[in-house]
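Trainee: I have a structure to look through and some questions about it. Can we go through them one at a time?

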Amino acid sequence: MNKTLSVIIPCYGYAHYLGDCIESVLNQSVKADEIIVVDDESKDNTKEIAEKYPVKYIWQKNKGLSGARNTGIREATSEYILCLDSDDMLRPDAIKEHLKIAGENTIAQCGLMYFGNQVAEFRPQGATLESMLKANTVYCDSVFTKKMWEAVGGYDESETMRLGLEDWMYFIELMANGAKVVTSDYIALLYRRHGNTMTHTTTHPKWNEIIDFMSKKVYNKYGLIADFHKI
């Protein structure tokens, strides 16, 4: 039986990047079974751009990145999920290489490349639950099953996690629930570096606040003691 995959693209105010993002998915050597664009109450022409392409478009009142991802995954009909931020792109064999290593209880991780105002390549070194309680080494486009998402209740939509690091928290929860990380050296994700990223504008200034929240959550929910680095 062939593996099916849905690509979820949350978008908030990045209409000027969205076309490149969607086209990178449409141009895959192995096609996605569906592409879902979740418009998180953007004030720009996100809807106009999305509707130029063969995608499922969903508009919602603003819920933040976690909420937009959860909305898209909830509507997804495939077994596997790949979340792609609307300012990023996939290289041509990204879906093919992710699905090669994807399994029922795995987090399938390929490499990434920065482009824009910073250029660099990163290949995954693997991750365990123990290592993830110190630093995040799992990339945001890593592939997982919808069943795994359901088992942990999705991405954390709390006000604190709206500030960032939601993918780190999510992958910790998957791993606390038994998921294992598997890796490929293929550079799958083109990660756009620019001055207006959520990481730059929101996450870094609130880093310690987010880390404190995550530490309390993993202890209270899973009995795990984290050693997250502070800045």
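Trainee: Is Glu41 buried or exposed?
Mentor: This is a predicted model, and the values here are computed from it. A residue counts as buried under 20% relative accessible area. Glu41 has a relative accessible area of 16%, so Glu41 is buried.

Trainee: Which residue does the side chain of Glu41 meet in a salt bridge?
Mentor: The N to O distance of the pair is 3.7 Å, and the cut-off for a salt bridge is within 4 Å.

Trainee: Glu75 forms a salt bridge with Lys56. How many residues apart in sequence are the parts that this pair ties together?
Mentor: The closest N and O atoms of Glu75 and Lys56 are 3.2 Å apart. Glu75 lies in helix α3 and Lys56 in strand β3, so the pair ties together parts whose separation in sequence is 19 residues.

Trainee: What relative accessible area does Lys56 have?
Mentor: Glu75, its salt-bridge partner, counts as partly exposed at 36% relative accessibility. Lys56 is partly exposed as well, with a relative accessible area of 37%.

Trainee: How far apart are the end C-alpha atoms of helix α3?
Mentor: Helix α3 runs over residues 64-75, which is 12 residues. At 1.5 Å a residue, the helix should span 16 Å. The model agrees with this, as the end C-alpha atoms are apart by 17 Å.

Trainee: How many residues of α3 are buried?
Mentor: The helix is mostly covered. Among the buried residues are Leu65, Ala68, Arg69 and Ile73. Of the 12 residues of α3, the number buried is 10.

Trainee: What is the radius of gyration of the protein?
Mentor: The protein has 9 helices and 9 strands. For 231 residues the globule rule gives 17 Å, and the value for this protein is close to that, so it is as compact as a globular protein of that length. The radius of gyration is 16 Å.

Trainee: How many salt bridges does the structure hold?
Mentor: Some of them form a network, which links Asp156, Glu173, Lys217 and Lys221. For the structure, the number of salt bridges is 13.

Methods
Residues are numbered from 1 along each chain as its sequence is written. This is a predicted model: local features need pLDDT of at least 70, side-chain atom pairs count only at pLDDT 80 or more; totals for chains, interfaces and linings use all residues. Side-chain values use heavy atoms; hydrogens and water are left out. Helices (H or I, at least four residues) and strands (E, at least two) are DSSP runs, numbered from the N terminus. The expected span of a helix is 1.5 Å times one less than its number of residues. Buried means under 20% relative accessible area, exposed over 50%, partly exposed in between (1.4 Å probe, protein chains only). The radius of gyration is taken over C-alpha atoms; the globule rule is 2.2 Å times the number of residues to the power 0.38.
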